[in-house]
Amino acid sequence: MEKERDCVRHVLRRFHELEKERRTWEGQWKEISDVMLPNKGKWSEENHNKGYKKHGNIVDSTALYALRILAAGMHGGLSSPARPWFRFSLKDKELENAEGIGKWLQDTQERVHAVLSGSNFYPTVHAHYAELAAFGTACFLIEEDRDEVIRCRNLTVGEYYLDCDAKGRVDTLYRTISMTARQIVQRFETYPERIRESAEKDSVQEGGGMPVFPFVQIVEGFGGLVSLTVHIQSADSGKPLAELAEEDWRTILSSKPLPLAEIEKPCSVGFGSLPPRAGRYLRVFYEVEGAAAKGALTAGLVLDAHA
């Protein structure tokens, strides 16, 4: 319980610091939004979902049309849905020329193109280019989706807070978001009892409209990380993968704790042979020591059929 309270204190303190740091830019962003992207921008003093007219400050549409042309040019030149716009390769050219590697890269590239085309990536990225051109900064969020593999969101200016590490790379995202009880139940596995009751009643608040609940979504690096332990977990269940719950998974192999110096660079963790009764599904699971909040980990699981 004390660890959870420390995490909450960390989140609130960091959020207020980022909020204070960003406040000086909000007036400029609001002015740009009024004349170039009046339907974009999320400001604390107004309800973003209200459908009233917002074009009153536009007296000359030159900037508006110029922005549309620039966003369309960026979309067509950088990430056109009509042609391949990226190619997978390896830094190690000798390895890339080895037998089977080129075929694997090509197959993976085609799969990624198919995932992007089958998702909402292309409609969303166009809005991203428009905000990038107008405000000089933009935020594009890609999340896992059970139906389409990925789900993309263009976070509008005023909705998010960013911070950078010592090398100037963005490593922190805080986002304010409001959701109805029904949306919360659909998206999350655990939630407070009052939200479950509200979703079941499908209640309407006084004055009309569904009640909404505020959230702060966080994507943050491993600040304060001491070590990381990697586990291989297995699930031997007849359920489809998407329906598995946390209690269906069990740890079958664990690495030694990896110190920070090792995981700051690409590293490999070997486990040897899998147990004879490994189960139908496998996943990589990790736990961290010393970090106040969970962060991002890029990892791959390779199974050697000849081992």
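**Note on the aromatic pairs**

1. Tryptophan 85 is partly exposed, with a relative accessible area of 28%, where buried stands for under 20%, exposed for over 50% and partly exposed for what lies in between (1.4 Å probe, protein chains only). Phenylalanine 121, by contrast, is buried at a relative accessible area of 7%.

2. The model is predicted, so that local features need pLDDT of at least 70 and side-chain atom pairs count only at pLDDT 80 or more, while totals for chains, interfaces and linings use all residues. Residues are numbered from 1 along each chain as its sequence is written, and side-chain values use heavy atoms, with hydrogens and water left out.

3. The structure holds eight aromatic pairs, a pair being rings of Phe, Tyr and Trp (its six-membered ring) with centres within 6.5 Å, stacked if the planes are under 30 degrees apart, edge-to-face if over 60 and tilted for the rest. Phenylalanine 15 and tyrosine 161 form an edge-to-face pair, because their ring centres are 5.2 Å apart and their planes stand at 75°. Since phenylalanine 15 lies in helix α1 (residues 2-36) and tyrosine 161 in strand β3 (residues 160-164), this pair ties together parts 146 residues apart in sequence; helices (H or I, at least four residues) and strands (E, at least two) are DSSP runs, numbered from the N terminus. Both phenylalanine 15 and tyrosine 161 are buried.

4. The rings of tryptophan 85 and phenylalanine 121 have centres 6.0 Å apart and planes at 5°, and the pair is therefore stacked. Trp85 and Phe121 also belong to one aromatic cluster with Phe86, Phe88, Tyr122 and Phe140.
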